[in-house]
Amino acid sequence: TCHAYCTYCFRWAQFIGDSDLKFAQSDAESVFAYLENHPEVTDILFTGGDPMIMKTRFLRRYLEPFKDPKFLPHIQNLRIGTRSLTFWPQRFLTDDDAEEVLELMNEIRQVGQRHVAIMAHLGHARELQTAKVRQAIRRLQNEAKVVIRSQAPLMRGINDDAKIWAEKWRMEVNLGIVPYYMFLARDTGAQSFFSVPLAEAHDI
């Protein structure tokens, strides 16, 4: 699942209990077989839900093989989309497997020679202002050796103002986070309350 249930999330079908709409992948071997047959693929995005909900022992099924630089060598970039950095920074601080997940990412980076990025969902500068979040950022950067990139949708009443984005991006750069993208929520799920028209988004 996920740390949050955002009404604008286009993955809403993952959370409503309808198995006909849900998409999931529980078999790592079939993923690896597909990638082996598609050498043109260079990047993988682990998303969900939120993969960082999982304990490290489950993440290992998908990530540990990439510690071997000879395993699927055409896969050079691994991205992990997550809300955990701000919604549950304890994932990288005090969870019983926090050290283990940091070590796993570090080994993929250093031994497996892959680029590893945390794709952090950061919708407002306030999310970056707690001591725990800043400590988690430092641990990911200094111990896991990963790059943190930020992403978020424009949301009416929350961040539909250029000054808010400027403040957020400046703070991210100061913390060593790469502002990656701003996007509009897809026209799916119960997102209309937060929707921003395309022309207004362009002005922002």
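This is a predicted model: local features need pLDDT of at least 70, side-chain atom pairs count only at pLDDT 80 or more; totals for chains, interfaces and linings use all residues.

**Contacts, cores and aromatic pairs**

Setting aside neighbours within four places in sequence, His 3 is in contact with Asp 50, Met 52, Ile 53, Arg 83, Ser 84, Phe 87 and Trp 88. His 3 belongs to the segment before α1. Between the C-alpha atoms of His 3 and Gly 49 there are 8.2 Å, although the two residues are 46 residues apart along the chain. With a relative accessibility of 24%, His 3 counts as partly exposed.

The largest nonpolar core has 38 residues, and Met 105 and Leu 140 are the ones with the most contacts inside it. At least two residues of this core come from each of α1 (28-36), β1 (43-46), α2 (56-63), β2 (77-82), α4, β3 and α5 (131-144). Another core lies apart from it and has 5 residues, including Ala 152, Leu 154, Val 196 and Ala 201. What does Met 105 contact, leaving aside its neighbours within four places in sequence? The partners are Ile 80, Phe 92, Val 116, Ile 118, Leu 140, Ala 144 and Val 146.

I now come to Arg 114, in the loop between α4 (98-110) and β3 (115-121). Arg 114 is buried yet has no salt bridge. Which side chain of opposite charge is nearest to Arg 114? That side chain is Asp 68, 6.1 Å away. A salt bridge would require a side-chain nitrogen within 4 Å of a carboxyl oxygen. The side chain of Arg 114 does reach backbone oxygens: a polar atom of this side chain lies 3.2 Å from the backbone oxygen of Phe 66, and the backbone oxygen of Gly 112 is reached at 3.2 Å. Not counting residues up to four places away in sequence, Arg 114 touches Phe 66, Asp 68, Pro 69, Phe 71, Leu 72, Pro 73, Ile 75, Gln 76, Ile 108 and Arg 109.

Most residues other than glycine have a negative phi. Lys 145 is also not a glycine, and has a positive phi of about 65°. Lys 145 sits in the loop between α5 and β4 (147-153), and at 39% relative accessibility this lysine counts as partly exposed.

Finally, the aromatic pairs. The count comes to 7 aromatic pairs. Why is the pair of Tyr 181 and Phe 183 edge-to-face? The planes of their rings stand at 70°, with the centres 5.5 Å apart, so the pair is given that description; the angle required is over 60 degrees. Tyr 181 is partly exposed, at a relative accessible area of 36%, and Phe 183 is partly exposed at 28%. Phe 193 and Phe 194 also form an edge-to-face pair, 5.2 Å centre to centre, with 85° between the planes. Within this pair, Phe 193 is exposed, with a relative accessible area of 65%, whereas Phe 194 counts as buried at 18% relative accessibility.

Conventions
Residues are numbered from 1 along each chain as its sequence is written. Side-chain values use heavy atoms; hydrogens and water are left out. Helices (H or I, at least four residues) and strands (E, at least two) are DSSP runs, numbered from the N terminus. Buried means under 20% relative accessible area, exposed over 50%, partly exposed in between (1.4 Å probe, protein chains only). Lys and Arg count as positive and Asp and Glu as negative; His and the chain ends are not counted. A polar contact is a pair of N or O atoms within 3.5 Å; within protein, one must be able to donate a hydrogen and the other to accept it, and residues adjacent in sequence count only if both atoms are side-chain atoms. Contact means heavy atoms within 4.5 Å. A nonpolar core is a set of buried Ala, Val, Leu, Ile, Met, Phe, Trp, Tyr and Cys residues joined through side-chain atoms within 4.5 Å. Rings of Phe, Tyr and Trp (its six-membered ring) pair if their centres lie within 6.5 Å; planes under 30 degrees apart count as stacked, over 60 as edge-to-face and the rest as tilted.
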